[in-house]
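Here are some exercises to work through with the sequence and the 3D view side by side. Try each task yourself before you read its solution.

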Amino acid sequence: MVAIRAPKSHRAKRELLKHAPKLVETGKKTLVLHGTKTSAVLNSVLADLFHLKRDNAVKYSKKNENIRPFESGGETSLEFFSLKTDCSLIVYGSHSKKRPNNLVLGRTYDHHIYDLVEVGVENYKSIESYVYDKKLAPKLGSKPFFAFIGEHFESVEELKHLKEVLLDLFKGEVVENLNLAGVDRVFVCTAISPTTVYLMHCALRLKRSGTSIPRMELVEVGPSMDLVVRRHRHPAESLKKEAMKTANHAKKMKNVTKDPVQGKLGKVYIPDQQIAKMALSNDIKGLKRERREAKKNKEHSKKQKTNVE
């Protein structure tokens, strides 16, 4: 056993923090869950969503009871599975007479439910139902384009919320640079009505156009479905404020260095003093003495003139 001494001074703590390893946030993983009862359509939807996210997702095929995301205490199991699998995005499917083909999309913060959107799946077409050239199939882990069509995404609160969740679900890892040749898929979301969104997944084909900008063609590769918004829950203000916090990066100060022994050291640059151009006032003592001496010399010269005469 090795004893670790805690730093006693603030300066020692700051030095340890400097050399501490930096925390790097990994990409968001998705957890796919089945409810107590699911339909054949919903099973196919969950399978296709997992297929699209299979490089960064976890799927539980067993039925899970006592999961009611919109009821108090019903989200405990979701938070437990989120902590167990280290997933921050949740896709939960259930089926009932009141809410058939029900899909709940949720996000977590610190493994606590952040927000939820509940949608009903209609007019579903699976990936297997589309016939296309398999060479055009999007590659695993590629970055997608998003196209949100319709003014309802800007005016209807439910669709605004659904847009945020869909972007978080399918965008993948955040990158600084992106090669256009590596973008091979597009998610097209069309707001049919204030409560219904048509979601379509397409492959992107780049063709020559005679200019530097290639011509783009879309080929449907599935899945596609209508998402009818049923319920949604915004995050609590306290949780939202906590989740929006960013690391405080101290601004780099010019000409300032830090030394573990002497502390903070700074350099001060003084510009050249141009004394010849400085304006002098009449209250300077040196000027008064010169005036007295000039006055004495003038009186002395007058006396000499009178004596000569």
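A residue is called buried under 20% relative accessible area, exposed over 50%, and partly exposed in between (1.4 Å probe, protein chains only). The model is predicted, so local features need pLDDT of at least 70, side-chain atom pairs count only at pLDDT 80 or more, and totals for chains, interfaces and linings use all residues. Residues are numbered from 1 along each chain as its sequence is written, and side-chain values use heavy atoms, with hydrogens and water left out.

**Exercise 1. A salt bridge and its network**

Solution: 
- Step 1. Recall the rule: a salt bridge is a side-chain nitrogen of Lys or Arg within 4 Å of a carboxyl oxygen of Asp or Glu.
- Step 2. Asp 168 has 9% relative accessibility, so it counts as buried.
- Step 3. Lys 171 has a relative accessible area of 32%, so it is partly exposed.
- Step 4. Now widen the view: salt bridges with shared partners join Lys 28, Arg 107, Asp 115, Glu 164, Asp 168 and Lys 171 into one network.
- Step 5. Within it, Asp 115 bridges to Arg 107, with the closest N and O atoms 2.5 Å apart, and both of these residues are buried.

**Exercise 2. Linking two parts of the chain**

Task: Which parts of the chain does the pair Glu 118 and Arg 99 tie together?

Solution: 
- Step 1. Helices (H or I, at least four residues) and strands (E, at least two) are DSSP runs, numbered from the N terminus.
- Step 2. The side chains of Glu 118 and Arg 99 form a salt bridge of 3.5 Å, N to O.
- Step 3. Glu 118 sits in strand β5 (residues 112-125) and Arg 99 in the loop between β3 (89-94) and β4 (102-109), so the bridge ties parts 19 residues apart in sequence.
- Step 4. Glu 118 is buried because its relative accessibility is 2%, while Arg 99, at 23%, counts as partly exposed.
- Step 5. To set this pair in context, a search of the whole structure finds 11 salt bridges.

**Exercise 3. Two threonines**

Task: Are Thr 30 and Thr 190 buried or exposed, or in between, and what does each touch?

Solution: 
- Step 1. Thr 30 belongs to strand β1 (residues 30-34), and its relative accessible area of 2% makes it buried.
- Step 2. Contact means heavy atoms within 4.5 Å. Leaving aside neighbours within four places in sequence, Thr 30 has contacts that include Lys 53, Val 58, Cys 87 and Leu 169.
- Step 3. Thr 190 lies in strand β7 (residues 185-193) and is partly exposed, because its relative accessibility is 24%.
- Step 4. With neighbours within four places again left out, Thr 190 touches Ile 149, Phe 153, Thr 196, Val 197 and Tyr 198.
- Step 5. Thr 190 and Asp 226 are 36 residues apart in sequence and 9.4 Å apart in space, C-alpha to C-alpha.

**Exercise 4. The whole protein**

Task: How many helices and strands are there, and what share of the residues is buried?

Solution: 
- Step 1. Count the elements: the protein has 7 helices and 11 strands.
- Step 2. Of its 309 residues, 32% are buried.
- Step 3. Among contacts between residues at least 6 apart in sequence, 66% join residues at least 24 apart.
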